[in-house]
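User: Hi! I'd like to learn how to read the packing in a protein model. Could you walk me through it?

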Amino acid sequence: MALGYVRPARPEDAGEIARLQLATWRAAYRRILPRHVLDNLDEAYLARRWSAAVQEPPSGAHRVLVAVEQAEQSYLVGFVASGPADAEALAPGEPADALADGVAAVTDLLVEPRWGRRGHGSRLLAAMVDHWREDGFTRAVAWTFDADAATRKFLTSTGWEPDGAGRALDVDDMLVPQVRLHVGVPAERAAS
């Protein structure tokens, strides 16, 4: 029987987080982002960035959590990264104070496709909500690719909604539309 759980990322996880990010992006975004961009992503560079995010977060409210599938062996199968909303969470032209204090921003939420539909995304999100509550966040936002139906479906199934903001990322001279979703952070954990 397989078990899944979530824990804080450790420095030694950085390489595996980078591998998961590349594998997931190359599978999930192959019809959204230019192929040569996905092919040229540097795993070592990503690993260094994840190592810094885990070891030297900008604040105590910046977190990286990982999902683990445990059977005969343990496998890192997904991760979520979040922190206080900053300029990267804003829509173009939105004033700097549009996302006031108390708003968390999800920067990454990925589960490797071969491990999907096993509850890992839900566990990651639930664990992050617990941290948001501890840190005093009352709302959270996340940008998703407009064409990423799987992520949008997952988030909306857990109560997230579009907040009306949109932007387009310039990815090697190709504009890739994104929409911003938001959700209120419940004051207390729901009873099981």
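This is a predicted model: local features need pLDDT of at least 70, side-chain atom pairs count only at pLDDT 80 or more; totals for chains, interfaces and linings use all residues.

User: Which residues touch the most other members in the largest nonpolar core?

Analyst: Residues are numbered from 1 along each chain as its sequence is written, and side-chain values use heavy atoms, without hydrogens and water. In soluble globular proteins, nonpolar side chains tend to be buried together. A nonpolar core is a set of buried Ala, Val, Leu, Ile, Met, Phe, Trp, Tyr and Cys residues joined through side-chain atoms within 4.5 Å; buried means under 20% relative accessible area with a 1.4 Å probe, protein chains only. Here the largest core has 24 residues, and Ile17, Leu33, Trp50, Val64, Val66 and Phe79 touch the most other members.

User: Which helix gives the most to this core?

Analyst: Helices are DSSP runs of H or I with at least four residues, numbered from the N terminus. H1 gives the most, with 5 residues. A second, separate core has 22 residues, including Leu109 and Val185.

User: How do H1 and H3 pack?

Analyst: Take lines fitted to C-alpha atoms over the stretch in contact (heavy atoms within 4.5 Å) as axes, with angles from 0 to 180 degrees between N-to-C directions. H1 and H3 pack at about 125°, with axes 8 Å apart. Among the residues making the contact are Ile17 of H1 and Trp50 of H3.

Notes:
Buried means under 20% relative accessible area, exposed over 50%, partly exposed in between (1.4 Å probe, protein chains only). Helices (H or I, at least four residues) and strands (E, at least two) are DSSP runs, numbered from the N terminus.
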